[in-house]
Amino acid sequence: MTPMIDVIFQLLIFFVCASAGQTVESHLPTELAAGSVESANAVIVERPFGEVWLRLRRRAAEGAETLTVVELNDREYSDEPSLRKTLLALAETTPEIPVILDIDGPVPLGDVVRVYDACQSAQFRQVSFATKAGK
């Protein structure tokens with residue numbers, strides 16, 4: 001009986017030590033509002049004044065490579081530092097403007113998280129995701 005108790009304590013110590021070095025996983029603190037779809041046809045909604053829409057999409061670059069492009073007010077940003085600079089300047093004047101991320105399907109999640117983090121570090125108070133109605 002004593003060797004079995006020793007093995008149990010050793011396993012317990014092993015799992016406690018092994019789990020202590022893990023990074024804590026968390027979720028993005030953005031809530032998606034539940035909505036209803038009235039009709040099967042998608043209705044284009046006019047974007048009201050006072051919202052910042054960031055559209056993320058993939059675009060073919062030189063060669064066979066594709067890159068993520070962020071469109072903000074009809075201007076495209078393909079590099080992260082210039083987008084961060086623009087977001088910081090915008091957040092300095094009006095941080096209460098809601099930012100909405102409109103993401104196309106093939107955009108990698110890492111690029112989405114980088115743009116989301118750029119909005120959070122610019123101190124915008126509300127960052128949301130645009131959703132599309134399913135069929």
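C17 counts as exposed because its relative accessibility is 56%, where exposed means over 50% relative accessible area, buried under 20% and partly exposed in between (1.4 Å probe, protein chains only). C119, by contrast, is buried at 0%. This is a predicted model, in which local features need pLDDT of at least 70 and side-chain atom pairs count only at pLDDT 80 or more, while totals for chains, interfaces and linings use all residues. Residues are numbered from 1 along each chain as its sequence is written, and side-chain values use heavy atoms, leaving out hydrogens and water.

**Cysteines**
- Zero disulfides are counted, a disulfide being a pair of cysteine sulfur atoms within 2.5 Å.

- Helices (H or I, at least four residues) and strands (E, at least two) are DSSP runs, numbered from the N terminus.
- Beyond its neighbours within four places in sequence, L56 is in contact (heavy atoms within 4.5 Å) with residues including V70, L101, V112 and V115.

**Helix 3**
- D111, V112, V115, Y116, A118 and C119 are buried in helix 3.
- They lie on the same side of helix 3 because they cover an arc of only 155° around the axis, taken from the directions from the helix axis to the C-beta atoms.
- Strand 1, helix 2 and strand 4 are among the elements covering these buried residues.
- Just after helix 3, Q123 has a positive phi of about 75°.
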